[in-house]
Amino acid sequence: MVNVPVARSAEDEKGLFRIATGAGVGLAAALLVIVIPMGFLLVASYAATGFLSLHQTALVDAIALLILAGSLLFLFSLFLYRRGFAHLRKVDSRFWVASILCLVGAVGFLLILVAAVVIVGSADSFLGCLQGRPTHALSCLRSGEPLGAYTAVLGFWLAWLGGVGIVLGLWTGSSRYHTREMGVGAALYAVLLLVLIGPFVSLVVSFPGVEYLLVLVPILSVLAPYFVFRGARPLAT
């Protein structure tokens, strides 16, 4: 059976435009909060002098500031996705769940912002506790700034649920508008959500092979919004 394209209303076009814009902002956010900081951390972790020296407090501050700026962009991206799904739910009720989960995710990113501010304010004590063990990052933060640690954990899981909302919304959009690129973007986002669980758990319990997952995170975080943008942007015009 040949799929017949859905006639697009003004709400369809507004929703698709916001989804495409959210994907573009999400791509920029991924570079700031995931790709660049992880590049710094990987280089530092394999350096001959160890993960981070006491002279590299500025590096931690820089990474935290990048996470802060990237989280703001992720929050804006999630807002745009939610607005897009809010427009589309007026023409298709299947977008309701995605819209609600994106709102939950926005709360999560606000909590991550709070945790990033805490890290900036306690970089010296954080480095002293870390002592070359990046997998102990969460426990070090918990011992020095328990409020920041628990805020980061709660923020991560709420933001993760927001990611589930994006996957559901994009998958529904791919089905409704018969765009393969948006479906690929949804699948890549879904894989990214699964992959993110590993590195996050490794902050609490170290296990072999987590470095391979860390390599996948920046790749998926860039490819997913790229395909969504390619799929949604032509439909929004």
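In the predicted model, the side chain of Asp92 makes a polar contact with the side chain of Arg94 at 2.8 Å. Asp92 is placed in the loop between H2 and H3, and its relative accessible area of 9% makes Asp92 a buried residue. Arg94, with a relative accessible area of 44%, is partly exposed. The two residues also form a salt bridge, in which the closest N and O atoms are 2.8 Å apart.

Asp92 takes part in a further salt bridge, with the side chain of Arg176, at 3.6 Å from N to O. This pair links distant parts of the chain, since Asp92 belongs to the loop between H2 and H3 and Arg176 to helix H6, 84 residues apart. Both Asp92 and Arg176 are buried. Asp92, Arg94 and Arg176 are joined with Asp12 in a network of salt bridges.

In total, the structure holds 4 salt bridges. Side chains of opposite charge can pair when their charged atoms come close. One of the salt bridges is formed by Lys90 and Glu11, with 4.0 Å between the closest N and O atoms.

Aromatic rings were examined next. A pair of aromatic rings is described by the distance of the centres and the angle of the planes. The count comes to 8 aromatic pairs. In one of them, the ring centres of Phe85 and Phe95 are 6.0 Å apart and the planes are at 20°, so the pair is stacked. Phe85 is part of helix H2 and Phe95 is part of the loop between H2 and H3, so the contact ties together parts that are 10 residues apart in sequence. Phe85 and Phe95 are both buried. Trp157 and Trp160 form an edge-to-face pair, with 5.9 Å from centre to centre and 65° between the planes. These two tryptophans are 3 residues apart in helix H6, a separation of about one helical turn. Trp157 counts as partly exposed, at 34% relative accessibility.

Phe85 and Phe95 also belong, with Tyr81 and Tyr189, to one aromatic cluster. Beyond its neighbours within four places in sequence, Tyr189 is in contact with Tyr81, Ile166, Val167, Leu170, Ala224, Pro225 and Val228.

Two further positions, Ser174 and Leu214, lie in helices H6 and H8, respectively. Ser174, in helix H6, counts as buried at 15% relative accessibility. When residues up to four places away in sequence are not counted, Ser174 touches Thr179, Met182 and Gly183. With Thr179 there is also a polar contact, in which the side chain of Ser174 reaches the backbone oxygen of Thr179 at 2.9 Å. The C-alpha atoms of Ser174 and Ala186 are 8.4 Å apart in space, while the residues are 12 apart in sequence.

Leu214, in helix H8, is partly exposed, with a relative accessible area of 23%. A separation of 9.8 Å is found between the C-alpha atoms of Leu214 and Ile34, although these residues are 180 residues apart along the chain.

Note on methods: Residues are numbered from 1 along each chain as its sequence is written. This is a predicted model: local features need pLDDT of at least 70, side-chain atom pairs count only at pLDDT 80 or more; totals for chains, interfaces and linings use all residues. Side-chain values use heavy atoms; hydrogens and water are left out. Contact means heavy atoms within 4.5 Å. Buried means under 20% relative accessible area, exposed over 50%, partly exposed in between (1.4 Å probe, protein chains only). Helices (H or I, at least four residues) and strands (E, at least two) are DSSP runs, numbered from the N terminus. Rings of Phe, Tyr and Trp (its six-membered ring) pair if their centres lie within 6.5 Å; planes under 30 degrees apart count as stacked, over 60 as edge-to-face and the rest as tilted. A polar contact is a pair of N or O atoms within 3.5 Å; within protein, one must be able to donate a hydrogen and the other to accept it, and residues adjacent in sequence count only if both atoms are side-chain atoms.
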